[in-house]
Amino acid sequence: MSDSGAILNAQFHGGRLLLPRQEPPPPPPQVTKRTRATKACTSCRNRKTKCTGELPRCFECKTCDLDCAYEQGRRDRLKDVLEHKRLLVALLKDLRQNVYADQRKMIEDALDAVSFSSSYRIHL
């Protein structure tokens, strides 16, 4: 049978040719994005491997039976140093009251040097 025969057997509705409904195309396959670790552990960083960032041990360190440690961030290290400095300054101020005059002068010179260096702003 020719194409004209297929048209003769086609169904019409309201003067229009009815076409069979097509199945919707399948959805595209889900592409899983690899998640990026916020920070690589020192072992992965040294070995230049992909770190999953899992705690307490990342996947690479578990697999290779390595120690897994994360370095402290710059801001956290800076906060620790500033807190340590504050405690040392408080200790020097306290000691200043209980020492001889020549030692007091050394402490006051150190405190002056610290207060001078503190006048510079540190941007986090």
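Which side chains meet in a salt bridge at 4.0 Å, N to O?

1. The side chains in question are those of K62 and E54; a salt bridge here is a side-chain nitrogen of Lys or Arg within 4 Å of a carboxyl oxygen of Asp or Glu. E54 is partly exposed, at 35% relative accessible area (buried is under 20%, exposed over 50%, partly exposed in between; 1.4 Å probe, protein chains only).

2. The model is predicted: local features need pLDDT of at least 70 and side-chain atom pairs count only at pLDDT 80 or more, while totals for chains, interfaces and linings use all residues. Residues are numbered from 1 along each chain as its sequence is written, and side-chain values use heavy atoms, with hydrogens and water left out.

3. The structure holds five salt bridges. One of them joins D65 to R57, with 3.5 Å between the closest N and O atoms. D65 counts as exposed at 63% relative accessibility, whereas R57 is partly exposed at 27%.

4. R86 and E83 form a further salt bridge, their closest N and O atoms lying 2.7 Å apart. The two residues are three apart in helix α4, and therefore separated by about one helical turn. Both R86, at 49%, and E83, at 35%, are partly exposed.

5. R75 also has its place in helix α4, which covers residues 74-96 (helices are DSSP runs of H or I with at least four residues, numbered from the N terminus). With 53% relative accessibility, R75 counts as exposed. R75 forms a positive surface patch with R74, R77 and K79; patch residues have over 30% relative accessible area and no salt bridge, and like charges are joined within 9 Å.

Notes. Patches are made of residues with over 30% relative accessible area and no salt bridge: like charges are joined within 9 Å, nonpolar side chains (Val, Leu, Ile, Met, Phe, Trp, Tyr) within 5 Å. Accessible areas come from the Shrake-Rupley method with a 1.4 Å probe; for residues, only the protein chains shown count as cover. Lys and Arg count as positive and Asp and Glu as negative; His and the chain ends are not counted. The place of a charge is taken as NZ of Lys, CZ of Arg, CG of Asp or CD of Glu.
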